[in-house]
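Q: Please take a close look at the loop residues in this model, and end with a helix for contrast. What is there to see?

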Amino acid sequence: GLTRLTDSGLSITEWAPLTGAIPPLSEADWQAELERYRQIPEYQLQNEGMSLAEFKFIFWWEWGHRQLGRVIGLVWAVGFLYFLVRRQIPTGWTPKLLFIGALGGLQGASGWWMVSSGLTGTMLDVASYRLATHLGLAFIILALIGRYIAALSRPERDLMQARRAREGGLTTLLWVFTGVLFIQMLLGALVAGIDAGRAWNTWPDMNGQFIPDSAFDLQPIWRNFFENSGLVQF
C-alpha cells in the first residue's frame, strides 16, 4: 500500500533477486540508477526533471519493499532447513512447507511481472490485472499460513472431533463470506490500478447517479468489470 501511495513501484527498473539487495553505494551508482529510471515512461511523461534527491525518496521505498520480500524468503529458508536438519518437521508436512516457500518465490516473480508492465509504451502505472494477481497471491499465502498454524497448534484427535462436530450451514456461510471477501480485496487492487477512486468522489451516490451512465461503455462487455472506473468502483 505504501509503495502504491508513494508512487515508487517503478523506481527500480531491473529485477535482481540477490544482487539487488545491495543499494547504490556511490554517487556514480546513484546516477546510473537514475539514468535507468529516465528511460521509462513514468519519468518521461510524468516525472521529467526529477532531481536525484526526489528519486532517492521513491527508490528507498521500493528498495525497502523488495528487501522485505527477501527477508521473508530468508526467514522461511533458514527456518525450514533448521527444522529439516533436526528432523522436527511433522510427518507429511515437508511438502506443505516447501509449497509455501515456492509460493513465496512465485510472489517475487509475480511482483516483477507486475512492475515490468509499467516500463514500456505509455504506461504510467503497472497493469491492473497484474496488480490484482500480485495482491491476490499474497492473501492466498497468508490464508495458507493461517490454516497451517491452526492445524499444527492442535492435536490430530481434536481436529477430527472438530470436523465431526462442525455445522454444515455455518461452514457453507463461512466459505461464501471468505469468497466475497477475497473478491472485494481483488476489486480494491483494480480500483487502485485504474485510479477509479478519483473518478467518482461523491457518496453514497456516484456524481448524482446510483450506477454511472458510463458503466458499460467498453467493448467487449466483460472488460467493464475490470477496466471501467465507474463499474469497478460501483
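A: Asp7 is partly exposed, with a relative accessible area of 29%; that term covers values between buried, under 20%, and exposed, over 50%, for a 1.4 Å probe and protein chains only. The model is predicted, so local features need pLDDT of at least 70, side-chain atom pairs count only at pLDDT 80 or more, and totals for chains, interfaces and linings use all residues. Residues are numbered from 1 along each chain as its sequence is written, and side-chain values use heavy atoms, without hydrogens or water.

Asp7 sits in the loop between α1 and α2 (27-37); helices here are DSSP runs of H or I with at least four residues, numbered from the N terminus. Its phi is near 55°, a positive value in a residue other than glycine.

Asn207 also has a positive phi, about 55°, although it is not a glycine. This residue belongs to the loop between α8 and α9 and is partly exposed, with a relative accessible area of 41%.

The loop between α8 and α9 also holds Pro204. The peptide bond from Trp203 to Pro204 is cis, with omega near 10°.

Now the helix. α6 has 25 residues and spans 36 Å from its first C-alpha to its last, close to the 36 Å expected at 1.5 Å a residue, a figure taken as 1.5 Å times one less than the number of residues. Among the buried residues of α6 are Leu131, His134, Ile141 and Tyr148.

Notes. Helix = DSSP H or I, 4+ residues; strand = E, 2+ residues; numbered from the N terminus.
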